[in-house]
Amino acid sequence: MSTTYITKKTLGLETVEPAVTPPPADAATAAFAKKPKVGSGRSRKKEIPEGLWTKCPKCSTMVFDKELDTNLKVCPKCSHHFPIVARERIHSLVETCSFSEMDADMVSVDVLEFTGVASYRDKLDAYQKSTQLKDAVITGIGTIGPHRVALGVMDFSFLGGSMGSVVGEKLTRLIEAATDKDLPVVIFSTSGGARMYEGMFSLMQMAKTCGALAYHAEKKLPYLSVLTHPTMAGVSASFATVGDLIIAEPGAMIGFAGPRVIKDTTQAELPPGFQTAEFLLDHGLIDSIVSRNQMKDRLVYYLDFMMHARRPGAASGN
Ligand SMILES: [Zn+2]
């Protein structure tokens with residue numbers, strides 16, 4: 001009498017791999033254990049889990065996403081400024097719980113019933129879902145340091161930050177509110193230009209925003225315009241470049257037509273650094289280049305200076 005034990009060997013399973021293959025020890029932990037070095041081998045690329053690291057397009061350093069977030073999306077190695085969404089930027093500027101948004105539910109109407117590759121209405125729906133924004137700008141009143149400020153921040157992730165009737169109207173209402181309440185205006189621009197889906201209605205926003213700023217200036221209230229990457233076309237040709245002080249982020253592309261169009265039209269070689277913030281600082285279009293990490297402090301510094309004359313008792317030297 002013999003007992004037959006069922007073993008892996010009797011079932012022919014001895015050499016079969018387990019159903020779940022544990023990952024190699026180095027693959028799962030290498031990315032966390034030590035920071036990869038630039039150009040340290042091609043094989044490492046596959047080992048890095050997606051969504052945790054971002055490669056800097058300027059210096060090719062792999063930056064840990066959390067580090068990038070705490071550094072306001074600025075590369076810690078080369079200071080390259082990554083895009084930042086409007087809410088994140090507002091959060092980095094205003095004092096906690098001091099921001100009250102204006103016209104949060106204003107949405108565009110498809111007046112022209114524009115249809116290209118996709119209809120304008122479909123595009124609006126898609127971008128509203130993907131960005132959780134109603135349109136390409138957030139406006140409101142908030143406090144930066146000791147100053148109450150009318151703040152407008154554009155968001156490039158919504159249809160390329162294009163200026164349609166909603167962007168124009170929200171900014172105009174913001175400026176008018178600032179004029180009524182004796183507040184300075186600070187607008188962060190990033191835009192590909194006017195929104196072609198709205199035709200003439202988008203172009204009219206250029207005049208409307210500048211008109212509101214003219215009334216604001218009549219009351220001797222300061223307007224600080226901050227240009228971020230990229231600020232082009234209809235936005236750069238209207239409210240963005242009429243600031244009392246025009247500030248730009250490092251490396252931002254700022255211009256009207258794109259460099260390729262200019263090159264084709266003029267048939268001339270463009271100078272190095274053409275249409276960058278640094279080039280425009282040298283040529284007098286902008287007043288100052290300020291890194292995102294220092295933006296809040298510098299805004300407070302400028303506002304201290306520009307609002308000083310309006311403080312009660314300032315004229316008598318108290
Ligand atoms: Zn970098």
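The following exercises, with worked solutions, concern the predicted model shown above.

Residues are numbered from 1 along each chain as its sequence is written. Because the model is predicted, local features need pLDDT of at least 70 and side-chain atom pairs count only at pLDDT 80 or more, while totals for chains, interfaces and linings use all residues.

**Exercise 1. State how many helices and strands the chain has, and what share of its residues is buried.**

Solution. Helices (H or I, at least four residues) and strands (E, at least two) are DSSP runs, numbered from the N terminus. On this basis the chain has twelve helices and ten strands. A residue is buried if 20 or more other C-beta atoms lie within 10 Å of its own, exposed if 12 or fewer, and partly exposed in between, with C-beta atoms placed from the backbone. Buried residues make up 32% of the 318 residues.

**Exercise 2. Check the length of helix H8 and describe its packing against H7.**

Solution. First, the expected span is 1.5 Å times one less than the number of residues. Second, the buried residues of H8 are Ser202, Gln205, Thr209, Ala212, Leu213 and His216. Their cover includes H7, strand S6 (185-191) and S7. Third, axes are lines fitted to C-alpha atoms, for helices over the stretch in contact, with angles from 0 to 180 degrees between N-to-C directions. The axes of H7 and H8 come within 9 Å and cross at roughly 5°. H7 is therefore roughly parallel to H8, since angles under 35 degrees count as roughly parallel, over 145 as roughly antiparallel, 65 to 115 as roughly perpendicular and the rest as oblique. Among the residues making the contact are Leu171 and Ile175 of H7 and Gln205 and Thr209 of H8. Just after H8, Lys220 takes a positive phi of about 60°.

**Exercise 3. Determine how strand S8 pairs with S7 and with S10.**

Solution. Two strands pair if DSSP finds at least two bridges between them. S7 (residues 223-232) and S8 (residues 245-248) pair in the parallel sense over four bridges, with Ser225 opposite Ile246. S8 also pairs in the parallel sense with S10 (residues 288-289), over two bridges. There, Ile247 has Ser288 as its bridge partner.

**Exercise 4. Decide whether Gln275 and Asp297 are buried or exposed.**

Solution. Gln275 lies in the loop between helix H10 (259-266) and helix H11 (277-282). Gln275 is buried because 20 other C-beta atoms lie within 10 Å. Leaving aside neighbours within four places in sequence, Gln275 contacts Met253, Ile254, Gly255 and Pro259. Asp297 belongs to helix H12 (residues 295-307). Asp297 has 12 C-beta neighbours inside 10 Å and therefore counts as exposed. The C-alpha atoms of Asp297 and Ile144 are 8.9 Å apart, although 153 residues separate them along the chain.

How values were computed:
Two residues are in contact if their C-beta atoms, placed from the backbone, lie within 7 Å.
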